[in-house]
Amino acid sequence: MMMSDSKKSVVFHLGFLALLFLLQFILPAYHHGNLARIMVLATYAMGYNILFGYTGLLSLGHAMFFAAGMYGMGLTMTHLGWTAGPGMLAGLLAGGLVSAGIGFLALRTSGVSFMIVTLMFAQAGFLTILYFGEWTRGDEGFVIRQADRVFAGIDLSHPTYRYLAALLLFGICLMLTIRLMQSRFGHVLIAIRENEERTQMLGYDVHFHKWMAVIASGTMAAVAGAAYALLFGYAGATFASVQYSIFPLLWVLLGGAGTALGPFIGTLFMFYLIDLSSSLTTAYMLIAGVALVLLTLFLPQGLVGEWRRKMMPWLT
Amino acid sequence: MLEMRSVSSGYDGARVLQEVSLSLSAGEIVCILGRNGAGKTTMMKTIMGLIRADSGQILYHGTDLLDVPPHQIAGLGIGYIPQGRRLFSELTVAENLEIGLMAGGKGNATRDKVLGMFPRLAERLHQRANTLSGGEQQMLATGRALCLEPQMLLLDEPTEGLQPSMIALIRDTVVALKETGVGILLVEQRVDAVLSIADKVMFLENGKSQDIMPASTLRENPDLLKKYIGV
């Protein structure tokens, strides 16, 4: 019996997750650690992709959602003595609430104005973190003690468990994204990206769907932020800076906007591009910049996007 | 019944449509004729709430559409197929139809009815919309609007860029819909494609309604077309 396109896509991504699981047994310690970090950052990029890649809304303020999750978890653990589980939940809720509030206000605008408004909100969030330095430790940030980074008796600072936790988070969010985009709700988001006016004419409340997309996107970014702090033991204002709002945009563009795996491939590519070029020269950003320009010129749909166009049209 | 009463509308202060009045009953085909820039598309967008009217009333079964948010107008039973088809190109044929079905809360029976009208779509259910031919895209755009089971259908230049066999198919579909009681407002540049099926014709020039007459009058006096639109 022929497998449907959506099933093929699910099987392919499950296979990819199995590959990531197996990689931990063969990777050297350095790359093992890198891959765990990349999976968490790719989860952040996947959240961004829901809004940008699937819904067509370009935000320049996603660092505030990442930071909301990171500080929601870090502050409750540090100042309220919460454990990792409730801390993660606090990060998730913080991200959900911040994205609901910011989305409600920012979606009163569209296009370039939406980009500027999200950027301004993120800058306001960044400055708020610096202003309340007494609790957040401002620019310096704060460390989450190794003894606190334990979930259900498992030490998440241990490289093996950290890798597995990152893989679990990445895997859950990847499958959730696929499920979401194969659902009717996901199809409406894609329809909005393709033609907002037409979607409205079919009877959909476009504003409401876009708001839901901001919340889903922001909450996933926040979960990644909380996981980053938990797995790597640090929360700092840098993660709320404009740089961390630009990163997911680049990762998604490189990997392929509107593809489930694009954010991971983009993050992986850029992480190692900077890592390798910085070992060659101090002007590594120049190399990275040239590579990015070439990729954007010759693979405008991103790595996975081009791959899908040429070989796997059924890929979600 | 859909009724426009002295409706004026436009873009950023520039008035395009000026005090236009028109009525469309169930099972009736009204064709809007006019040169490029006459305000035909603006008229359709105004009915659908995409352009807010500056004055007048648009009544649909007693409800003034000017008080209804644009996304709720389709739910009242008014379908709109814009010029250029505007499909969701990255979605498959099945997914495009599903979006229409879901919006109208309709199920498989409606889907089967639509596919019965356009069997070619049934053969291409899993094909992405951007890989369809122009005629198939028009079928899909029409099929998707029909998934809402509208009582009134606004069609903006449905035959644009289509080959004669497709034009005939679209014309037959419009006639079939009329026979089921759907009221159709049709904007066309190709007079020959629609004159034989229209009940009423409205001439629009510079945003103003020049005349409304039975289509039979035009069929009997083709010279009138020259007077109004220079054809």
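**Entry 1: a loop in chain B**

I looked up B:Glu149 and found this residue in the loop between α6 (134–146) and β7 (152–156) of chain B. Helices (H or I, at least four residues) and strands (E, at least two) are DSSP runs, numbered from the N terminus. The model is predicted, so I keep its limits at hand: local features need pLDDT of at least 70, side-chain atom pairs count only at pLDDT 80 or more, and totals for chains, interfaces and linings use all residues. Residues are numbered from 1 along each chain as its sequence is written, while chains are lettered from A and ligands numbered from 1 in the order in which they are written.

I checked phi of B:Glu149: near 50 degrees, a positive value in a residue other than glycine. For the terms, a residue is buried if 20 or more other C-beta atoms lie within 10 Å of its own, exposed if 12 or fewer, and partly exposed in between, with C-beta atoms placed from the backbone.

**Entry 2: B:Ser6**

I then turned to B:Ser6, which sits in strand β1 (residues 2–11) of chain B. Its phi is near 45 degrees, positive in a residue other than glycine. B:Ser6 has 13 C-beta neighbours inside 10 Å, so B:Ser6 counts as partly exposed.

**Entry 3: helix α12 of chain A**

I compared span with expectation. Helix α12 (residues 262–280) of chain A has 19 residues, which at 1.5 Å a residue should span 27 Å, and its end C-alpha atoms are 27 Å apart, which agrees. The expected span is 1.5 Å times one less than the number of residues. Buried residues of α12(A) include A:Gly262, A:Phe264, A:Leu268 and A:Met270. Among the elements that cover the buried residues of α12(A) are α2 (29–54), α11 (243–255) and α14 (303–310) of chain A.

Next I took the packing with helix α13 (residues 284–298) of chain A: the angle is about 135 degrees and the axes are 8 Å apart. Axes are lines fitted to C-alpha atoms, for helices over the stretch in contact, and angles run from 0 to 180 degrees between N-to-C directions. α12(A) and α13(A) are therefore oblique to each other. Angles under 35 degrees count as roughly parallel, over 145 as roughly antiparallel, 65 to 115 as roughly perpendicular and the rest as oblique. Among the contact residues are A:Leu273 and A:Ile274 of α12(A), and A:Tyr284 and A:Ile287 of α13(A). Two residues are in contact if their C-beta atoms, placed from the backbone, lie within 7 Å.

**Entry 4: α1 and α7 of chain A**

I looked at helix α1 (residues 5–23) and helix α7 (residues 159–182) of chain A, whose axes come within 11 Å and cross at roughly 170 degrees. α1(A) and α7(A) are therefore roughly antiparallel to each other. The contact includes A:His13 and A:Leu17 of α1(A) and A:Gly171 and A:Leu174 of α7(A).

**Entry 5: where the chains meet**

How many residues does the contact take from each chain? I noted 22 residues from chain B and 17 residues from chain A. α3 (93–104) of chain B is one of the elements that supply at least two residues of the side of chain B that touches chain A. α3(B) gives the most to that side, with seven residues.

**Entry 6: A:Met120**

Last, I found A:Met120 in helix α5 (residues 111–131) of chain A. A:Met120 counts as partly exposed because 13 C-beta neighbours lie inside 10 Å.
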